Amino acid sequence: MAQHKKKLTPRQKMINLMYVVLMAMLALNVSSDVLNGFSLVDEGLNRSKDNSSSQNAAIYQTLEEAMKQNPEKVKEWYNKAKQVRSMSDSLYQFAENLKWEIVREADGSDGDIYNIEGKENLEAATHVMLAPGIGKGGKLFDAINEYRESVLKMVDDKTQRKIIADNLSTEVPQKGKLLGKNWQEYMFENTPVAASVTLLTKLQNDVRHAEGEILHKLVSNIDIKDVRVNEINAYVIPTSQTVVRGGKFSAQIIMAAVDTTQRPDIYIGNTLLKSAGGRYETICNSTGDFTLHGYLVMRNGNGETIRREFSQPYTVVEPTATVSATMMNMLYAGYQNPISVSVPGIPTNKVNVTMSGGTLTKQADGNYIAVPSKVGDDVTFTVTAENEGHQQEMGKFVYHVRKLPDPTAYIDYNDASGNKTRYKGGTPLSKSALMSAAGIGAAIDDGLLDIQFRVVSFETTFFDNMGNAVPEVSRTANFTDRQREMFRRLNRGKRFYISRVHAVGPDGIERTLPASMEVIVN
């Protein structure tokens, strides 16, 4: 059945109306308190941004003065500071203009942001910021993003970057996303004038804070005070403390820490050094020990004169060089003799060597392979070096050339541990080791050299029960089948001899080894 609504009496209607009016009055009282709170916050933010602006202005003033004193040094950072000021002032003023537009939209053309009458007005900010076609919320959104990204490029510190990024964030909170609002709608739609002005003042405060962080970073890159250390000394940095006669002594004279844009006055003795970059050079025509004396003078940021003495000893020596055989004192014909060459005081990459009577091959800086061509003919090494831009002869060195000595024959076998071993005779050799050996070798292996020779033939001599010698010749370096058969017949304590070993060395000379090897079977 249909229900019929009960009509209200005039008295009940009056009571309900009074209730609505009361609730509205209560709501207005709460809003008034809240709006007054926004005004207090705005006042605090204004004081904070004014303080930041004053601090930033002081830094700009410092940069201005530094630019006048040393433009070459300060110019790069000064120009960046001007860029930061321009960007910051632009966004700051945009926010300031928006504050005035919102207040005048609420209070009329005489509206004053410092004495807002329509604090509770919900339409003014919505109209100024979000009105179709003329709303400026989107422009503010883009301006904040552009400013944030620009200043973050100038900050390396992760903590500073996060603070600046958070303060200037245009990210819509989750609540706003659920309502489908963009940043400007979330911030200014149906927002009271007092709250809108406070939000824009906060933005101005964040801009001045970010501006200050960048300015401090820029100033830290400049040595505003010419001397920032607690101990100052003069230093002489020579190219080398040892100079070859006829060469040039060169030194860098600086005050630590050096400033390439403001050089001190340098005096050698009592004579002002006029060379660029504080470089001192003099020709050294006499050998011996010398000392460079002088002082330098400069002014600090307070205009005070600083003087520091310096002295630097150096030595002038006769031209000299060193040539040494890396592995031996004598050069061998036809053999790759390692040679090292050096000149005191000169880098090895500036040293050159030539050789007469053979070939010389460079392996690395200072290291060569010398191959004399003929036994008995001396070879001469001529050493030159680049000294002050020209080649200077450092000396000639004569070496005698001899034939490689005869090698020693040996039997190559593996010992009980599996290590390669050379048996050279005179001591017992196990029959198993003998049977496992392929043949004989020959080498000069006296502990200093290890030069292999190629065995081309050899002879073994056995003795039968009647004492008759039984020779057996191999035309290679390996044992023949006949020789191996003779090995198998040998009893413990028996012996045989290896002789007439013919071998060819790396010099290409074939020789017959004079000594024989006695092999005792164990």
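The protein chain exposes about 30100 Å², of which carbon and sulfur atoms supply 50%. This is a predicted model, and its protein chain holds ten helices and 26 strands. Of the 522 residues in the protein chain, 38% are buried, while among contacts with a separation of 6 or more, 61% are accounted for by residues 24 or more positions apart.

- N56 lies in helix α1, which covers residues 10–69, and it counts as buried because its relative accessibility is 4%, below the 20% limit.
- Leaving aside residues up to four places away in sequence, N56 touches R208, E211, G212 and L215.

**Salt bridges**

- The count of salt bridges comes to 22.
- E96 forms one of them with K99, with the closest N and O atoms 3.6 Å apart, and both residues are buried.
- Because E96 and K99 are three residues apart in helix α2 (residues 71–107), about one helical turn separates them.

**Pairs around R511**

- R511 forms a salt bridge with D406, the closest N and O atoms being 3.4 Å apart; since R511 lies in strand β25 (residues 510–512) and D406 in the loop between β17 (401–402) and β18 (408–414), the pair ties together parts that are 105 residues apart in sequence.
- R511 counts as buried at 6% relative accessibility, whereas D406 is partly exposed, with a relative accessible area of 37%.
- D507 also forms a salt bridge with R511, here with the closest N and O atoms 3.1 Å apart, and both D507 and R511 are buried.

Notes
Residues numbered from 1 in each chain as written. Predicted model: local features only at pLDDT ≥ 70, side-chain atom pairs only at ≥ 80, totals over all residues. Heavy atoms only, no water. Helix = DSSP H or I, 4+ residues; strand = E, 2+ residues; numbered from the N terminus. Buried < 20%, exposed > 50% of the residue type's maximum accessible area, 1.4 Å probe, protein only. Contact = heavy atoms within 4.5 Å. Areas by Shrake-Rupley, 256 points an atom, 1.4 Å probe, with all protein chains shown as cover. Salt bridge = Lys/Arg side-chain N within 4 Å of Asp/Glu carboxyl O.
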